Amino acid sequence: MTDTLNKSGKINRLVDFAKLTDYSLLDTLSPDPQSTESGDDYDPRQVFSGHYVPVKPTPLNDPLYLAHSKALFEELGLDDALAHTDEFVRLFSGDMTQVPEPMKKTGWATGYALSIYGTEYIQQCPFQTGNGYGDGRAMSVVELVANGKRWEMQLKGGGRTPYCRGADGRAVLRSSVREFLAQEHMHALGVSTSRSLSLIMSQTDTVERPWYLEGSTSENPEILVTNPVAITTRVAPSFLRVGQLELFARRARSHQHDNAMSELKALVQHVIKREYPNEIAPSQPFDKQILQLADAFSRRLTSLMANWLRVGYCQGNFNSDNCAAGGYTLDYGPFGFCEKFDPMFQPWTGGGQHFSFFNQPVAAFKNFEMFCRALAPLIADNTGQIKALETVLNDFPKLVDAQINAMWAKKLGLAAFDSDLVTSLFKLMTRTEVDYTMFFRELSSLPDSVSGISKSFYKPVDDSLSNDWDKWLATWRSQALNHANPGEVSAQMKRVNPKYTWREWLVVPAYQQAASGDTTLIDELQQVLTRPYDEQSAAIEQKYYQLRPDEYMRAGGVSHYSCSS
Ligand SMILES: Nc1ncnc2c1ncn2[C@@H]1O[C@H](COP(=O)(O)OP(=O)(O)OP(=O)(O)O)[C@@H](O)[C@H]1O
Ligand SMILES: [Mg+2]
């Protein structure tokens with residue numbers, strides 16, 4: 001043990017954290033040739049080429065530490081004490097001026113393209129070219145290797161970049177608390193996701209956002225509310241998005257500049273190294289790697305869809321720029337978790353039904369199609385490979401169905417998927433108005449009559465519905481219990497059906513309380529949501545294992561929101 005580490009062998013000073021940095025993959029990419037070394041690059045402008053723009057974050061004034069993820073710190077070998085040091089708070093509130101060597105003193109933002117449900121858009125770019133769209137307020141600050149794994153760390157709300165489109169580059173406390181808590185909740189649920197490092201707010205900087213009046217049931221916000229700003233730092237193997245590959249492919253397809261094709265190729269090689277190092281060997285012919293990449297991504301994305309449905313997660317705005325090329329969950333802005341079961345659940349009023357809960361696998365297919373379309377220019381001369389890529393694309397719906405069916409079987413403790421049983425269950429769940437999470441958790445105790453699941457019902461059931469449930473339960477039990485003993489079936493079901501889930505109405509008080517620097521509720525939610533399958537205490541059960549109260553059913557900012565930033 002050296003003097004750089006504390007007794008437990010964990011890193012507790014930023015100067016030692018800095019020694020983990022390893023920019024060897026970032027440095028294989030090319031910066032925007034028009035960028036400045038200082039990274040003072042804050043006005044909207046077109047970025048025509050290069051993979052990233054060096055940009056210095058804009059520090060928060062009077063930063064205040066609110067929270068960090070103990071689980072991620074543990075994985076990275078960081079001591080919890082590090083999160084409370086001035087150096088750590090300074091860096092992760094956006095001040096890179098004093099970072100220790102060999103850390104770079106600027107961060108970087110990337111451009112990306114946007115496709116919505118399989119249609120390419122450039123309208124969201126202020127120049128109407130697509131060259132001004134990308135990380136408008138997200139910027140990465142470090143690439144490092146910890147315990148043998150490579151990670152990138154990215155500030156969200158770190159200030160303006162050339163892609164800010166005239167906006168302020170900030171994220172409000174509300175959305176930062178949500179992203180911070182949700183990422184670690186998803187990880188604990190066993191769903192692939194970007195992770196949370198830290199959450200820091202400004203005690204003085206504020207921005208205005210449209211929001212709802214107290215108690216409002218309006219669809220759209222009625223007032224502008226002044227919010228404290230915050231930065232949550234998220235962590236992932238990379239932040240490469242489908243949209244980013246699309247940007248470079250669009251340029252290559254239309255020969256926008258001489259390096260367009262080679263920049264696309266370098267980016268695809270980069271995706272492989274950052275996200276698929278164990279699946280794809282870079283020594284093979286590149287054409288072959290491309291097919292392996294499509295295949296590996298389709299496996300990850302289809303598995304992700306099954307997991308989103310399993311835990312009741314709805315992304316809300318599953319555009320290609322919110323679809324990570326590593327197949328994990330990204331951008332916790334317009335998201336929500338389904339409470340009262342509704343296959344069309346969509347908390348984000350701007351999102352439309354195509355991004356609703358049960359339609360997400362179709363939206364994923366559209367994103368996968370854009371991904372394949374972005375790879376195609378690199379193998380355009382090889383008809384055989386193009387055909388093979390089409391096959392991978394065409395197989396996606398079958399693959400996603402298989403993953404989802406296997407997921408339902410597990411959720412129900414069955415040896416194999418039974419379409420009739422599941423379809424009749426959805427009908428009953430809809431007729432009854434059940435709480436999605438509580439229903440499956442109650443079912444995991446293998447009830448033989450409706451009284452064993454009625455805790456999850458939002459309204460009383462009449463005799464006829466009650467009989468239908470009893471019949472369904474009898475059929476289901478005979479199937480579930482014919483392949484294993486009850487104890488095993490119940491235990492297996494409890495491993496995939498969480499007890500605790502994200503309930504927005506229980507998160508609202510936490511971000512409201514945090515505005516005055518009080519993190520009691522954030523700490524409590526962190527505890528509850530990072531052990532979602534555990535029984536936890538009676539007091540926690542009473543508070544968090546609950547149906548959504550009627551007063552929040554149509555509440556603006558709780559049951560739905562139009563602004564997520
Ligand atoms: N306040 C802001 N200032 C500058 N750019 C913004 C701001 N809010 C959103 N953007 C940009 O608008 C685009 C669409 O926003 P969206 O809500 O999908 O992303 P986001 O929540 O900022 O971030 P991410 O996808 O990185 O998690 C993104 O490119 C984002 O960077
Ligand atoms: Mg986004």
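A residue is called buried if 20 or more other C-beta atoms lie within 10 Å of its own, exposed if 12 or fewer, and partly exposed in between, with C-beta atoms placed from the backbone. The structure is a predicted model, in which local features need pLDDT of at least 70 and side-chain atom pairs count only at pLDDT 80 or more, while totals for chains, interfaces and linings use all residues. Residues are numbered from 1 along each chain as its sequence is written, and chains are lettered from A and ligands numbered from 1 in the order in which they are written.

His-255 has a phi near 45°, a positive value in a residue other than glycine, and belongs to the loop between α5 (242-253) and α6 (260-275). Helices (H or I, at least four residues) and strands (E, at least two) are DSSP runs, numbered from the N terminus. Gln-536, also not a glycine, has a positive phi of about 60°. Its loop joins α15 and α16 (538-544), and with 17 C-beta neighbours inside 10 Å Gln-536 counts as partly exposed. Most residues other than glycine have a negative phi, and most peptide bonds are trans. The peptide bond from Glu-101 to Pro-102 is cis, with omega near 0°; Pro-102 is found in the loop between α3 (86-91) and β3 (107-109).

Nonpolar cores were defined as sets of buried Ala, Val, Leu, Ile, Met, Phe, Trp, Tyr and Cys residues joined through C-beta atoms within 7 Å. The largest contains 145 residues, of which Val-177, Ala-230, Leu-245, Val-268, Met-305, Phe-371 and Leu-375 touch the most other members. Helix α7 (residues 286-311) supplies the largest share of this core, 11 residues. A second, separate core has five residues, including Trp-211, Tyr-212, Trp-348 and Tyr-561. Two residues are in contact if their C-beta atoms, placed from the backbone, lie within 7 Å. Neighbours within four places in sequence aside, Val-177 is in contact with Leu-199, Ala-510, Tyr-511, Ala-514 and Ile-522.

The axes of helix α14 (residues 504-514) and helix α15 (residues 520-529) come within 7 Å and cross at roughly 140°. Axes are lines fitted to C-alpha atoms, for helices over the stretch in contact, and angles run from 0 to 180 degrees between N-to-C directions. Angles under 35 degrees count as roughly parallel, over 145 as roughly antiparallel, 65 to 115 as roughly perpendicular and the rest as oblique; α14 and α15 are therefore oblique to each other. On the α14 side the contact involves Val-507, Pro-509, Ala-510, Gln-513 and Ala-514, and on the α15 side Thr-520, Leu-521, Ile-522 and Leu-525. Ile-522, Leu-525, Gln-526, Val-528 and Leu-529 are the buried residues of α15, and their cover includes β2, α4 (173-189), α14 and α16.

Strands pair if DSSP finds at least two bridges between them. Strand β9 (residues 195-211) pairs in the antiparallel sense with β2 (residues 63-68) over five bridges, and Pro-63 stands opposite Ser-202 in β9. β9 also pairs in the antiparallel sense with β10 (residues 223-236), over 12 bridges, with Arg-209 opposite Val-225 in β10. Strands β6 (residues 138-146) and β7 (residues 149-156) form an antiparallel pair over eight bridges, in which Glu-143 has Glu-152 of β7 as its bridge partner. The hairpin of β6 and β7 has two residues between the strands, and Asn-147 there takes a positive phi near 50°.
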